[in-house]
Amino acid sequence: MKDKILDGKALADKLNLSLKEDISKVVDRIGIKPKLVTIIIGDDPASKVYLNMKKRTGALVGIESDILELDENVSEEKIAEEINKLNSDSNVHGILLELPLPKSHASNALKYIEIISPKKDVDGLTPVNKGKLYDYDENLAPCTPTGIITLLEYYNIELKGKEVVIVNRSNLVGKPLIFMMLKRNATISVCHTSTINIENHMRRADILVVAVSHPNFVTKEKIKEGAIIIDVGINRVNGKLCGDINFNDVYEKSGKIAPSPGGIGPLTVHFLLHNTFTAYKNQIGDI
Ligand SMILES: NC(=O)c1ccc[n+]([C@@H]2O[C@H](COP(=O)([O-])OP(=O)(O)OC[C@H]3O[C@@H](n4cnc5c(N)ncnc54)[C@H](OP(=O)(O)O)[C@@H]3O)[C@@H](O)[C@H]2O)c1
């Protein structure tokens, strides 16, 4: 069964080791550790699980990670003040606003993100970094799409000329992935809740990327024979994590599969740390 798996976990472990070496070489020389601060608003237990995972992996590669917890009732002014403090703290190299925000702040997400200094924007979501990606500059690009591209390239899956169908148009996943796929000469269709006959689009895909948060969204009738399937979705069903793809059903017909969990998730964490190191190097100067 293993030969069809695009093993994001194994790749992330390998990349984390090499990141650890790169970081230690620089830190040994200049004596300053890269530091990431994650701002979490409210008390979402799922977000806290991810935060702990990021913190653990950060410690493993040599990145200090702090968590700034703000109460759900915090004012907009206080959030802006805290972000500005981190912007001007030279010991902080990366700032991440944990998404999604609680309902009472959700409509302000872009407004808060715009306050983050583009130099410290390790999620690649500020207008400056989004604009750079439009010009194919991936220096600080969003972590999940970077993980997807890296996994495909690691397994030598050609993107040039391929029909790529992305079912998701969010700022974190689908939108940035469009530019990364275009840069690599793929032909892209983006599907969402208003797409008519979505199955017809999915069945055309040489490479299908799905992030809709619906377990069993993709079954074998909806894919082309030999398609590469990237499952980005994360769902919890009866206390167990699963993705958006019915893995057992599509396995035989697919060419290769990045499952969830174990595919894109660990690479997303890796690229958050990778971006923190990139932001650190950009700020420290030419090292
Ligand atoms: N593995 C990772 O590291 C990682 C990273 C990020 C996200 N995720 C997971 O990926 C999923 C999506 O995250 P997100 O932040 O992008 O969420 P989001 O902002 O809610 O986006 C969901 C996207 O799916 C589309 N969609 C939902 N139901 C659909 C349907 N029935 N048919 C067609 N399109 C549909 C939505 O369309 P509309 O735009 O029309 O609403 C939207 O574009 C979640 O499960 C999340 O946990 C995983």
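Visitor: Let's start with Asp 244. Where is Asp 244 found?

Guide: In this predicted model, Asp 244 sits in the loop between β9 (240-242) and α10 (247-251).

Visitor: Is Asp 244 buried or exposed?

Guide: Asp 244 counts as buried, because 22 C-beta neighbours lie inside 10 Å and the cut-off for buried is 20 or more.

Visitor: Which residues does Asp 244 touch, leaving out those up to four places away in sequence?

Guide: Among them are Val 210, Ser 213, His 214, Phe 217 and Asp 231. His 214 is 30 residues from Asp 244 in sequence, with 5.2 Å between their C-alpha atoms.

Visitor: You mentioned Ser 213. Where is Ser 213 found?

Guide: Ser 213 belongs to the loop between β6 (207-210) and β7 (228-231). Its phi is near 70 degrees, a positive value in a residue other than glycine. Most residues other than glycine have a negative phi. Ser 213 counts as partly exposed, with 13 C-beta neighbours inside 10 Å.

Visitor: And what about the ligand: how many residues surround it?

Guide: There are 24, and Ser 213 is one of the closest, along with Ser 170, His 192, Thr 193 and Thr 268. By class, the shell has 10 nonpolar, 13 polar and one charged residues.

Visitor: Which helix gives the most to that shell?

Guide: Helix α11 (residues 264-284), with three residues.

Visitor: Switching topic: how is the protein chain divided into domains?

Guide: Domain 1 covers 30-118 and domain 2 covers 143-264. Their centres, taken over C-alpha atoms, are 28 Å apart.

Visitor: Now helix α3. Which of its residues are buried?

Guide: Ile 79, Ile 83 and Leu 86. They lie on the same side of α3, because they cover an arc of only 60 degrees around the axis.

Visitor: Why would residues spaced like that point the same way?

Guide: An α-helix has 3.6 residues a turn, so residues three or four places apart point the same way.

Visitor: What do the buried residues of α3 pack against?

Guide: They pack against β1 (35-41), β2 (64-70), β3 (94-97) and α5 (109-115). The face turned away from the buried side carries the exposed residues Glu 77, Lys 78, Glu 81 and Lys 85.

Visitor: Last one: what kind of peptide bond joins Ser 260 and Pro 261?

Guide: A cis one, with omega about 0 degrees. Pro 261 is in the loop between β10 (256-258) and α11. The bond from Leu 99 to Pro 100 is cis too, and Pro 100 is in the loop between β3 and α4 (103-106).

Definitions and conventions:
Residues numbered from 1 in each chain as written. Predicted model: local features only at pLDDT ≥ 70, side-chain atom pairs only at ≥ 80, totals over all residues. Helix = DSSP H or I, 4+ residues; strand = E, 2+ residues; numbered from the N terminus. Buried ≥ 20, exposed ≤ 12 C-beta atoms within 10 Å, placed from the backbone. Contact = placed C-beta atoms within 7 Å. Domains from an automatic or database assignment. Arc of directions from axis to C-beta. Near = placed C-beta within 6 Å. Nonpolar A, V, L, I, M, F, W, Y, C, P; charged D, E, K, R; others polar.
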